[in-house]
Amino acid sequence: MGRGHHPRNQPCRTRRRLLALAAAAPVLTAPLLSRAADLIGHGAMVNAVAVSPDGARVLTGSWDYSAILWDLASGSQISAFHEHAAGVTAVAFLPDGKHALTGSRDAAIILWDLKSGRPLRRFEGHSGTVAGLAVAPDGGSFASAGWDFTIRVWDPESGAALQLLEGHGANVHAVAYTPDGGRLISAGYDFQIRVWDAATGQAKAVLGGHEGSVNGLALSPDGRLAATASSDETVRLWELESGTLLRTLHGHSGFVTSVAVAPDGRTLLSGGGGDRRVRLWDVATGRQLASFRGHEKPVLAVAFTPDGQGALSAGYDAVVRHWDLTSKAGADRP
């Protein structure tokens, strides 16, 4: 697989039949349920979105080389950041909400002071796109997923490179810390999810089963489950301790780019690259609860608000849509 290639692997015939049956099942479909204005201002596709710890602001990254900080309630821009030399492909808030990280196709990561808009530190070491960022729960380190097949761990305060994790056989697209900070989980275009000891950097387990690149990754608040989104048109739920595949969620038609787990762990969101839909699922049963349409092109990233009542989706259409997950206004059954 090339480093700039986004694989769209075809599932087997049996999986296609299952997917078709799941897609035909009745679910709520809503055109656009926005509590506030959508976030419009980027000049190219938006492929990264993060919500601040207090839920008041949103940070987005775009192929227009910029990151934008937004006021979520009004949909207005607070500030924009322009230090990268290529598209911004990953964003993350630090736990204090005052600082944030951006990663880019220029292979660099920048730490920002959000109040002043100043870049504080630049982290260099990757030799390819930085596709994913995750900050440790205590804010003392962060991890980056690269298209150089590696995960790198950094000290945000000093800028020091702490660890280099190697094992993936293709682009690494996503990374996440468990809530206790003890493990790192990574997902790649080699169809694999890898579990690492965060303290030592040692590989602990490899979770295999996807039939396409693993494009998105999210963990449950208790750290017990991992949700993954893949080009094989599925979302999968894994038990991390045993490495067991718990269930496979069928419903998207086309590659799935992203996934997020609700703060209460009861539901999850997935973003469809192929079908341009945002889908809401019940974690316990795997049942699809709702399907939201509104993006004109592939959905590239999804995120919940901290209260679990809202969601954001970033798209190839350069728009970030704000969804109200509690409203049924305008919903119908297909």
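1. A cavity, on a 1 Å grid over the protein atoms alone, is a set of points where a 1.4 Å probe fits but cannot get out, and its lining residues have an atom within 4 Å of a point. This is a predicted model, in which local features need pLDDT of at least 70 and side-chain atom pairs count only at pLDDT 80 or more, while totals for chains, interfaces and linings use all residues. Residues are numbered from 1 along each chain as its sequence is written, and side-chain values use heavy atoms, with hydrogens and water left out.

2. The structure holds 1 cavity of 30 Å³ or more, and about 40 Å³ of space lies in the largest cavity, a volume being the space filled by probe spheres set on grid points that are joined across faces, edges and corners. The lining is made up of Ala218, Leu219, Ser220, Leu225, Ala226, Ala227, Leu237, Val261, Gly265 and Val283. These residues divide into 8 nonpolar, 2 polar and no charged, where Ala, Val, Leu, Ile, Met, Phe, Trp, Tyr, Cys and Pro count as nonpolar, Asp, Glu, Lys and Arg as charged, and the others, Gly among them, as polar.

3. Strand 19 (214-219) and strand 20 (225-230) each supply at least two residues of this cavity lining, and strand 20 gives the most, with 3 residues. Strands here are DSSP runs (E, at least two residues), numbered from the N terminus. Strand 19 also contains Asn215, which is buried with a relative accessible area of 3%; buried means under 20% relative accessible area, exposed over 50%, and partly exposed in between (1.4 Å probe, protein chains only). The side chains of Asn215 and Ser231 are joined by a polar contact of 3.1 Å, a term for a pair of N or O atoms within 3.5 Å, of which, within protein, one must be able to donate a hydrogen and the other to accept it, while residues adjacent in sequence count only if both atoms are side-chain atoms.

4. The second largest pocket has a volume of about 220 Å³; a pocket is an open set of grid points with protein on both sides within 12 Å along at least five of seven lines. Among the residues that line this pocket are Ala262, Pro263, Asp264, Arg266, Phe304 and Leu325. By class, the lining of the second largest pocket has 5 nonpolar, 2 polar and 4 charged residues.

5. How many salt bridges are there? The count comes to 8, a salt bridge being a side-chain nitrogen of Lys or Arg within 4 Å of a carboxyl oxygen of Asp or Glu. In one of them Arg122 is paired with Asp106, with the closest N and O atoms 3.7 Å apart. Arg122 lies in strand 10 (residues 118-124) and Asp106 in the loop between strand 8 (99-104) and strand 9 (108-113), so the pair ties together parts that are 16 residues apart in sequence. Arg122 is partly exposed, with a relative accessible area of 40%, and Asp106 is partly exposed as well, with a value of 21%.

6. Arg236 forms a salt bridge with Asp232, the closest N and O atoms being 3.3 Å apart, and both Arg236 and Asp232 are buried. For the salt bridge between Arg279 and Asp275, the closest N and O atoms are 3.0 Å apart; Arg279 is buried, with a relative accessible area of 9%, and Asp275 counts as buried at 11%. Salt bridges that share partners join Asp106, Arg122 and Glu124 into one network.

7. An open sheet is formed by 4 strands in the order 2-29-28-27, with antiparallel pairing; two strands pair if DSSP finds at least two bridges between them. Strand 2 (39-40) and strand 27 (299-304) stand at the edges, each with a single partner strand, so one side of each is left without a neighbour in the sheet. Strand 27 pairs with strand 28 (residues 310-315) in the antiparallel sense over 5 bridges, and the bridge partner of Val299 in strand 28 is Gly315.

8. Strand 17 (residues 192-197) and strand 18 (residues 203-208) also pair in the antiparallel sense over 5 bridges, with Arg194 standing opposite Val206 in strand 18. These two strands form a hairpin with 5 residues between them, and Gly201 in the turn has a positive phi of about 80°.
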